[in-house]
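Grab a pencil and have the viewer open.

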Amino acid sequence: MNFKELSEASGIKYETVRNYVKVLIEEGLIDEVNEEVVEVVKKMPSFTSQGLTVVEAAHRATGKADSKSSLSEEVSELRERVHTLQEENEQLRRELQEERSLTNYLKENLASFEDHTKNSSGIAVYGKEASTAADALKSAIKSAGSGFLQFLQWLFDTEEKETAEKTDQ
């Protein structure tokens, strides 16, 4: 079988077939060009398209590749890829945590606006409690003449009684 026949049988360009056969012979993978070489030559383009050299493709196509070295190369490549993916995964995990923190912060602020509360320095003053306290203060001030002094005494007397009760216990 000649190069032209091999080219026609494999469907690969003449020049490419000639280069493939030259490498196969130089590497000692074939002794002569015959029908068996057609299948080997057909496999070689798929290996070269994966980035292998023609010599590596020739060894793989004949099945006489140094399986130990090619396996270790593949394992090294896979380990490197896994390491890269782990780094990317960790970076994405950090970014996700930042986004979650921001989302929670915004939800808390939104909730305080919906409840008509003010949130400053971590202290929330609720609208209902504030209006109740303001109403009590207004009432106390209105009755300032007679009851305001009594109100203040009552207020401070209550606190003193609670403090005395706690110390007695």
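Predicted model: local features only at pLDDT ≥ 70, side-chain atom pairs only at ≥ 80, totals over all residues.

**Exercise 1.** Work out what span helix α2 (residues 14-26) should have, and check it against the distance between its end C-alpha atoms.

*Solution.* Start with the count: α2 has 13 residues. The expected span is 1.5 Å times one less than that number, so α2 should span 18 Å. Now check the ends: the end C-alpha atoms are 18 Å apart, which agrees.

**Exercise 2.** Find the buried residues of α2 and say what covers them.

*Solution.* Buried means under 20% relative accessible area. In α2 that gives you Val-17, Tyr-20, Val-21, Val-23 and Leu-24. They cover an arc of only 160° around the axis, so they sit on the same side of α2. What covers them includes α1 (3-10), α3 (35-49) and α4 (54-62).

**Exercise 3.** Describe how α2 and α3 pack against each other.

*Solution.* Two packed helices are described by the angle between their axes and the distance between the axes. Here the angle is about 105° and the axes are 11 Å apart. Angles of 65 to 115 degrees count as roughly perpendicular, so α2 is roughly perpendicular to α3. On the α2 side, Val-17, Tyr-20, Val-21 and Leu-24 make the contact; α3 brings Val-37, Val-40, Val-41, Met-44, Pro-45 and Thr-48.

**Exercise 4.** Look at both ends of α3: what caps its N-terminal end, and which glycine comes just after it?

*Solution.* At the N-terminal end, Asn-34 is the cap, with a side-chain oxygen 3.1 Å from the backbone nitrogen of Glu-36. Just after α3 comes Gly-51, with a positive phi of about 100°.

Note on methods: Residues numbered from 1 in each chain as written. Heavy atoms only, no water. Helix = DSSP H or I, 4+ residues; strand = E, 2+ residues; numbered from the N terminus. Buried < 20%, exposed > 50% of the residue type's maximum accessible area, 1.4 Å probe, protein only. Arc of directions from axis to C-beta. Contact = heavy atoms within 4.5 Å. Polar contact = N/O pair within 3.5 Å; in protein donor to acceptor, adjacent residues only side chain to side chain. Axes fitted to C-alpha atoms, helices over the stretch in contact; angles between N-to-C directions. Parallel < 35°, antiparallel > 145°, perpendicular 65-115°, else oblique.
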